[in-house]
Amino acid sequence: QLQLAESGGGLVQPGGSLRLSCAASGFVLDYYAIAWFRQAPGKEREALVCDSGSGGDTNYVDSVKGRFTIARDNAKSTVYLQMNSLEPDDTAVYYCAAALGCGPTFGTGRNQGANYFTAWGQGTQVTVSS
């Protein structure tokens, strides 16, 4: 059974950094694409980045390019999201998700390609505030 668990969220000041972790269990991480999404109160879910795995492509949405970086450690079955230059608009619950690929619609449309992902973590809260 595919399971994901996020950690590392918290309160950070504007301009600060956080690193989120997504621990995977029940499957071989390298075979799966891992994506990060977020959802702020009253807003639609937003796709952030998808890493295809196995040396494939990494796809960042424009709003986080240059600020967020995804990295995976397959030996530890963990995927990280390094977030720099955080802004109050980055406040949200952050989720990681797994699928056999990023899918053809990642980051587009109202659903942001989320339906393609079959396993989700419980989310971790990130609050950016002074």
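Cys 22 and Cys 96 are both buried, a term that denotes under 20% relative accessible area, with exposed meaning over 50% and partly exposed in between (1.4 Å probe, protein chains only). The model is a predicted one, in which local features need pLDDT of at least 70 and side-chain atom pairs count only at pLDDT 80 or more, while totals for chains, interfaces and linings use all residues. Residues are numbered from 1 along each chain as its sequence is written, and side-chain values use heavy atoms, with hydrogens and water left out.

Cys 22 and Cys 96 are joined in a disulfide with their sulfur atoms 2.1 Å apart, where a disulfide is a pair of cysteine sulfur atoms within 2.5 Å. This pair links distant parts of the chain, 74 residues apart, with Cys 22 in strand β3 (residues 18–25) and Cys 96 in strand β9 (residues 92–99); strands (E, at least two residues) and helices (H or I, at least four) are DSSP runs numbered from the N terminus. Because the torsion about the S-S bond of Cys 22 and Cys 96 is about 75 degrees, the disulfide is right-handed.

A disulfide is also formed by Cys 50 and Cys 102, whose sulfur atoms lie 2.0 Å apart. Here too the pair links distant parts of the chain, since Cys 50 belongs to strand β5 (residues 46–51) and Cys 102 to the loop between β9 and β10 (119–120), 52 residues apart. The link of Cys 50 and Cys 102 is left-handed, with -95 degrees about the S-S bond. Cys 50 counts as buried at 0% relative accessibility, and Cys 102 counts as buried at 12%.

By the distance rule, the count comes to two disulfides, and with the bonded cysteines of the chain numbered in sequence order, the pairing is 1-3, 2-4.
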